[in-house]
Amino acid sequence: MKHLHLFDQIPKLSNSLELFKKHFFRVRFLAAFNILTVLILGWLSVYAKLNNQGDGVERLFSDPFNFWFPYEGILTGVSEILWCTPVAICAFTFGVLRQKNPRSRAAIFLFFSALLLGVFFLDDRFRMTLIISRLGISKKLIYLCYGSAVFLYGVKFWRYMKTTPYLPLVAAFLLFAISRFEDMLNLQSQGVHAMLEDGTKLLALLNLALYFWHVCHQEVGRHLQRSEDR
């Protein structure tokens, strides 16, 4: 009887799996990113097993925590959270706006804002500039490319920016410039170095997060108001 009861549950289990599969694959990029992540982790596991590199894989997931100085890196963590905030809300708001009018100035502005800030975040988080400079490419050239991208971004969207309280955005990019300029000076004082490079960056990120939070909140509100009027 117990075996019969188990077999009775199989159709229900099959239906549940089908329902899960239906919902999971409804969002295409969700399935794609999950499959890609599983493949990468599987490859890492096989590589570690074949080359006896288990400790190397473990290091990839280790916590940057110092028991004796629990406050160590706390402002770095805050900066990374602030980095993610404007990128996430710009990308989300662009996704909302593009449903009705993908070519609107606001939607295009937020798309390129998310793209530009996303590149800067990846550079800062994974030390891409440092890695590239070790390959023989000058930091000055890299910063010139970034500065040119910011300049073109400003020229392209200046008319839209003027309709927003843009001073925090301008201040943020000026603070970023100070932070990168200090990086090339190589000052001897650690305290001054930290304040001029990391302190100015933290302040810039705070201004970015507040600016895009306001702009995205405003644009979503307008979008909802138009939807109600229709």
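1. How much space lies in the second largest pocket? The answer is about 240 Å³, a volume being the space filled by probe spheres set on the grid points. A pocket here is an open set of points on a 1 Å grid over the protein atoms alone where a 1.4 Å probe fits, with protein on both sides within 12 Å along at least five of seven lines.

2. The model is predicted: local features need pLDDT of at least 70, side-chain atom pairs count only at pLDDT 80 or more, and totals for chains, interfaces and linings use all residues. Residues are numbered from 1 along each chain as its sequence is written, and side-chain values use heavy atoms, without hydrogens and water.

3. The second largest pocket has 14 lining residues (an atom within 4 Å of a point). Nearest its centre lie Leu97, Asn101, Ser104, Glu219 and Arg226. The elements giving two or more residues to this lining are α5 and α9 (190-229), and α9 supplies the largest share, 5 residues. By class the lining has 6 charged, 5 polar and 3 nonpolar residues.

4. Helices α4 (residues 74-97) and α5 (residues 105-126) pack at about 150 degrees, their axes 8 Å apart. The two are therefore roughly antiparallel (an angle over 145 degrees). Their crossing is left-handed.

5. In the contact of α4 with α5 (heavy atoms within 4.5 Å), residues including Trp83, Val87 and Phe94 of α4 meet residues of α5, among them Leu110, Leu117 and Phe121. The contact residues divide into 16 nonpolar, 3 polar and 3 charged.

Conventions. Axes are lines fitted to C-alpha atoms, for helices over the stretch in contact, and angles run from 0 to 180 degrees between N-to-C directions. Helices (H or I, at least four residues) and strands (E, at least two) are DSSP runs, numbered from the N terminus. Angles under 35 degrees count as roughly parallel, over 145 as roughly antiparallel, 65 to 115 as roughly perpendicular and the rest as oblique. A crossing is left-handed if the near helix is turned anticlockwise from the far one by less than a right angle, and right-handed if clockwise. Ala, Val, Leu, Ile, Met, Phe, Trp, Tyr, Cys and Pro count as nonpolar, Asp, Glu, Lys and Arg as charged, and the others, Gly among them, as polar.
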